[in-house]
Amino acid sequence: MGARLGAWTSLAVIGFLYAVPLVWGFLVSLKTSAQAAAPGLGVLPRFEGEGELSLLSLAYWSRFFEQAAANYHDVWTSPIADFPLYLRNSLLVAVLSVLGTLVSSSIVAYGFSRLAWRGRDAVFTLVLATMMVPQAVVIAPSYLLFRELGWIGTFAPLWAPAWFSGASSVFMLRQFFLTIPRELDEAARIDGCSHVGVFVRVILPLSRPALAAVGLFQFVASWNDFLGPLVFLNHQEQYTLQLGLANYYAQHGGTPWNLVMAFSTLVILPVLLLFLLTRRLFVEGVATQGLKE
Amino acid sequence: MKRPPFLVALPWILPWAVGFVAFLAVPIAMSLWYSFNDYSLLEPAAFVALDNYRELAGDPLFWRVTRNTLFYGLASSGLSVALSLLIAALLETRVRGASLVRAIVFIPVLVPAVSGAVSWLWLYNPRFGLINSALSKLGVDGPDWLGSTAWAMPSFIVMGLWVIGSSVLVYSAALQDVPRTLYESASIDGVGRLGRFRHVTLPMVSPAVLFNGVMSLIWSLQLFAPPHLMTRGGPEETTYTYSMYVYNNAFIYGRMGYASALAWLQILVTLALTLIVLAVGRRFVYYRAA
């Protein structure tokens, strides 16, 4: 079984390499600023008592948690970055976008899966095409529009478009709606349900997993968005966590890396927790969608 | 009493139609108009016809960023297609711990660009970064990765390969669809492991290869956040990308007209690539998902 051993070894190496950037960043966030900026491969922080404290001593671990807590506390209460405010801004944008995309995309997906109309497939191809338009390509054109609307310097450009459905959300929901047996709609229609009735009473309740996946994807996309806030916001009080982190590390100019890493860890954490709690939804969602980079 | 089907469907697709026109078609049309203007955002636009496009042709920086971006795009998407197929094939062996590795490889997809940039800045740091610390244990004096004209762009390519979790998932789905019987009959005919990969697996997953390849090319040609945050395009503009040039012209240099011309070229190239994806990927995308 040499081949299986070879596969196992290669996967172990790959897993290790892919884990290093984040794990190492997290470990740096636990160190003192002097240790963070020192060369070497030391994984855990070191503390001096009378001589270097041993990993097995209680004193080491009390210092360890003291240092870690101090770093994260410094980030939370930093005078140059209002972390709690950025957190609130990020949550506001993400929650409004998730609500918007769920409401609008499910309605649109119903129109593409349950109603037969001429030109539907051609229009749906157009939806697929827009799914592939990267944000960076349309950011400058969008700026021109939002400027006309007076939306620059407000949160609106970051969440309002989500209320007009997102191509990938429509795609995922449509694919899911197609798997719901038609007989269920027809039974409801015979009982006198309109399309609205079928949508609300039959389709939506059966689509909870797909709706959850779409909501998760939108949350991650909004939470992680950097270019949008960078271009459309212009006051520090409006910063989202992504802008806050970019600004924080620029202001620090590379000095307390432990604090930059603590900030970064806090920014990744919600998304990582969501992923760990709902791994199946994520994996199936990406496989259905077949894209998103 | 029966209304025509299109009118019944219209209210349902209206949110998409409005959004498509308002947030995509109108901005793109506006930027086409401004690409024929000299427009600083502060003063009213002045019509200059094709001047912006003419200037592009003679702008050395335009050619520079185009070359950089094409180099990054081709290298990064080519390597990512190969590496993610390799990883997906390894995961399909279902050895112990494979699902853990699958999760670990996927996680970077979820990491925000700024956090990724911060982590990699630290790994690449010439003095105390992990890479050079590890190299010095081996007695090698590592270069200043992001500060060297030779290493900066390759460093971004490596960093891009960290984020291939989605193509791995697409390959995994494609690999699971290859009928087992094909492998069995190939084995009976005495075809070895490599031969089976070459003659059974590769042809069967080729639509996925093409799809992942073009998708990853579309995305890598937009590279913005990592060089914007980590090198500002330096050293000596070796990591200055097309999207950064659009951004800088639009929002830093106050040259929205010129930026619009740049953006329009980018839109046309993306559109062409998208048509390729739709043409070749259609079968794959449709049947994969259902």
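Student: How many residues does the contact take from chain A and from chain B?

Tutor: In this predicted model, the contact takes 91 residues from chain A and 97 residues from chain B.

Student: What polar pairing is found between the two chains?

Tutor: Side chains of opposite charge can pair when their charged atoms come close. Between chain A and chain B, however, the count is 0 salt bridges. Polar contact is a separate matter: 9 residue pairs are found across the interface of chain A and chain B, both residues of each pair being at pLDDT 80 or more.

Student: Why are Asp51(B) and Arg54(B) separated by about one helical turn?

Tutor: Both belong to helix α2 (residues 51–57) of chain B, and because they are 3 residues apart in that helix, about one helical turn separates them.

Student: Let us turn to chain A by itself. Is chain A more spread out or less spread out than a compact globule?

Tutor: Chain A has 15 helices and 2 strands. Its radius of gyration is 24 Å, well over the 19 Å that the globule rule gives for 293 residues, so chain A is more spread out than a compact globule. The C-alpha trace of chain A spans about 85 × 65 × 35 Å along its principal axes.

Student: Which domains does the domain assignment of chain A give?

Tutor: The assignment gives domain 1 (2–76) and domain 2 (83–289). Taken over C-alpha atoms, the centres of domain 1 of chain A and domain 2 of chain A are separated by 34 Å. Their contact takes 15 residues from domain 1 of chain A and 14 residues from domain 2 of chain A.

Student: How can the interface of these two domains be read in terms of area?

Tutor: The area buried between domain 1 of chain A and domain 2 of chain A is about 1,200 Å², with 79% given by carbon and sulfur atoms. On the side of domain 1 of chain A, the residues that lose the most area to domain 2 of chain A are Tyr72(A), Val75(A) and Trp76(A), which together account for 49% of what that side buries.

Student: What polar pairing is found across the domain interface, and which elements of domain 1 of chain A take part?

Tutor: Between domain 1 of chain A and domain 2 of chain A there are 0 salt bridges, and 2 residue pairs are in polar contact, both residues of each pair at pLDDT 80 or more. The elements that give two or more residues to the side of domain 1 of chain A that touches domain 2 of chain A are α1 (2–28), α2 (33–36) and α3 (58–76) of chain A. Of that side, α3(A) gives the most, with 6 residues. Its residues divide into 7 nonpolar, 6 polar and 2 charged.

Student: Which backbone features of chain B deserve a note?

Tutor: Gly234(B) and Pro235(B) are joined by a cis peptide bond, with omega about -10°. Pro235(B) lies in the loop between α11 (225–230) and α12 (242–252) of chain B. Ala49(B), a residue other than glycine, has a positive phi near 55°, and is found in the loop between β2 (46–47) and α2 of chain B.

Note on methods. Residues numbered from 1 in each chain as written. Chains lettered and ligands numbered in written order. Predicted model: local features only at pLDDT ≥ 70, side-chain atom pairs only at ≥ 80, totals over all residues. Heavy atoms only, no water. Domains from an automatic or database assignment. Contact = heavy atoms within 4.5 Å. Buried area = accessible area lost by both parts, 1.4 Å probe. Salt bridge = Lys/Arg side-chain N within 4 Å of Asp/Glu carboxyl O. Polar contact = N/O pair within 3.5 Å; in protein donor to acceptor, adjacent residues only side chain to side chain. Helix = DSSP H or I, 4+ residues; strand = E, 2+ residues; numbered from the N terminus. Nonpolar A, V, L, I, M, F, W, Y, C, P; charged D, E, K, R; others polar. Rg over C-alpha atoms; globule rule 2.2 N^0.38 Å.
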